[in-house]
Amino acid sequence: MADFLAAYSIQNWLESCPQGYLMGTVYGHRPGEEEPAALMENEVLREEAIRTTVQLVVGERCALAASSGLINAAPDEASKRFLATQTLDEARHVEIFTQRLLDLGVPKKDLESTIQHFANPNLVKFAEVLLEKVDKKDFVAGVVGQNIVLEGMAFSVFEMMYAVSEPTNPKFAHTLSGTIADERRHVGFGENRIGSLIKEHPERKPDIEKLQKEMSYWMLATFADAFRNNPARSEWKRLEGELTRSGAHAQWHGADLFTMEPEEMEQLLADTVLKEFKIRLGRIGVEYQTPARP
């Protein structure tokens, strides 16, 4: 365990993150980059960007509360130090996505009311399930919920958003690229650290499997709302048609997202995340539980 945790030291974090892929960035993107005029001048798309960004703020606030809350529950000093770096990563994510809300025109005085208005109730429930474990200082369940389920979901969601944003919104794509690198590190810690604890405490498996199944359901319900009931659906289809005719593509997992219906995108995202859950849980010795489909 000691050698594995050495790879997640504060020194390695400093060299790879603030002195590495974040060097020279401003709120995660390149200096001078702005939201596209085509987005800012289209009220339907601007509101949809605000709605989407609010979900990112809600998810990252949960990750910040979970990673900071797990520090004192960690059974060893090296894990505490890693969680300290993850806490700063999550705080940065909250800050950069909050800054995006300001960049999209949300007045500072209206930030909290905007977040409350647009926060998806299924995502809020997802967060509550995880934070209940954290509040009980349940390190094993907390890290599985945080670093396998929440971070695994965020990793795939950010990758999908990056694929769509790269040809349409370089500022947001660059913001996402740093968070994707962070999430990859967080997921790696969860897999490696919890695997050994599960071997020491096999009696915890039923609780962990129940947690994964419950969190997965609320995640799928959040996806369903985002894709099936999206008020900007027709406007996005119009824009995707224009992008496709201009030769633009958004490739992700072998599919061109610009040519897919929202329901097809939802299915692709859900299948990708659940497949990754199954693989990662298998690595730590936990049996994946198939959630109900909303």
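Student: Which residues form one aromatic cluster with Tyr 8?
Tutor: In this predicted model, Tyr 8 forms one aromatic cluster with Phe 82 and Phe 189.

Student: How are the rings of Phe 82 and Phe 189 arranged?
Tutor: The count of aromatic pairs comes to five, and among them Phe 82 and Phe 189 are stacked, with 4.1 Å centre to centre and 20 degrees between the planes. Phe 82 belongs to helix α5 (residues 77–103) and Phe 189 to helix α9 (residues 170–200), so this pair ties together parts that are 107 residues apart in sequence.

Student: And is Phe 82 buried or exposed?
Tutor: Phe 82 counts as buried because its relative accessibility is 1%, and Phe 189, at 0%, counts as buried too.

Student: What about Tyr 217 and Trp 218, how do they pair?
Tutor: Their ring centres are 5.1 Å apart and their planes stand at 75 degrees, so the pair is edge-to-face; Tyr 217, with 29% relative accessibility, counts as partly exposed.

Student: Which ring does Arg 100 lie over?
Tutor: Arg 100 lies over the face of Phe 172, at 3.7 Å from the ring centre.

Student: Switching topic, where is Gln 146, and what is it in contact with?
Tutor: Gln 146 is in helix α8 (residues 139–165) and counts as buried, at 0% relative accessibility. Leaving aside neighbours within four places in sequence, Gln 146 has contacts that include Ala 63, Ser 67, Gln 86, Glu 90 and Glu 151.

Student: Where is confidence lowest?
Tutor: The chain has a mean pLDDT of 94, but confidence is lowest in helix α1 (residues 2–6), at a mean of 69. Where pLDDT is low, predicted coordinates should not be read in detail.

Notes. Residues numbered from 1 in each chain as written. Predicted model: local features only at pLDDT ≥ 70, side-chain atom pairs only at ≥ 80, totals over all residues. Heavy atoms only, no water. Helix = DSSP H or I, 4+ residues; strand = E, 2+ residues; numbered from the N terminus. Buried < 20%, exposed > 50% of the residue type's maximum accessible area, 1.4 Å probe, protein only. Contact = heavy atoms within 4.5 Å. pLDDT = per-residue confidence, 0-100. Phe/Tyr/Trp six-rings, centres within 6.5 Å; stacked < 30°, edge-to-face > 60°. Lys NZ or Arg CZ within 6 Å of the ring centre and 35° of its normal.
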